[in-house]
Amino acid sequence: MNDVKPSSEDLAIVEQLNNDYVQSDQHTDVKRFSEFLAEDFIVQTPGVTRNRAEFLEYIA
């Protein structure tokens, strides 16, 4: 197992990305939200599968 600890700078970056992700979801900021999703993004929920474009339209 690797015992390397992330730097405080790395942790700050991850925390900011997480905050941006949550804020974009809560405020339906589709532009910012789209920056987080890979081009081949797929989401599956019970009975529904959406690709990236469909998901971004859904959250808008």
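What share of the chain's contacts between residues at least 6 apart in sequence join residues at least 24 apart? The share is 14%. This model is predicted.

## Overall layout

The chain has three helices and two strands. Read from the N terminus, the order of the elements is α-α-β-β-α. The radius of gyration is 15 Å, well over the 10 Å that the globule rule gives for 60 residues, so the chain is more spread out than a compact globule.

Along the principal axes, the C-alpha atoms fill a box of roughly 40 × 30 × 20 Å.

## Surface and burial

Of the 60 residues in the chain, 13% are buried. The accessible surface comes to about 5000 Å². Carbon and sulfur atoms account for 52% of that surface.

## The hairpin

Strand S1 covers residues 42–45, and strand S2 covers residues 48–51. The two strands pair in the antiparallel sense, over four bridges. Thr-45 stands opposite Val-48 in S2.

Two residues lie between the strands of this hairpin. Here Gly-47 takes a positive phi near 80°.

## The nonpolar core

Which residues form the largest nonpolar core? There are five: Phe-33, Leu-37, Phe-55, Leu-56 and Ile-59. Helix H3, residues 52–59, gives the most to this core, with three residues.

Look next at Phe-33. Leaving aside residues up to four places away in sequence, Phe-33 touches the core residues Phe-55, Leu-56 and Ile-59. Phe-33 also touches Tyr-21, Ser-24 and Asp-25.

Notes
Residues are numbered from 1 along each chain as its sequence is written. This is a predicted model: local features need pLDDT of at least 70, side-chain atom pairs count only at pLDDT 80 or more; totals for chains, interfaces and linings use all residues. Side-chain values use heavy atoms; hydrogens and water are left out. Two strands pair if DSSP finds at least two bridges between them. A nonpolar core is a set of buried Ala, Val, Leu, Ile, Met, Phe, Trp, Tyr and Cys residues joined through side-chain atoms within 4.5 Å. Buried means under 20% relative accessible area, exposed over 50%, partly exposed in between (1.4 Å probe, protein chains only). Contact means heavy atoms within 4.5 Å. The radius of gyration is taken over C-alpha atoms; the globule rule is 2.2 Å times the number of residues to the power 0.38. Accessible areas come from the Shrake-Rupley method with a 1.4 Å probe; for residues, only the protein chains shown count as cover.
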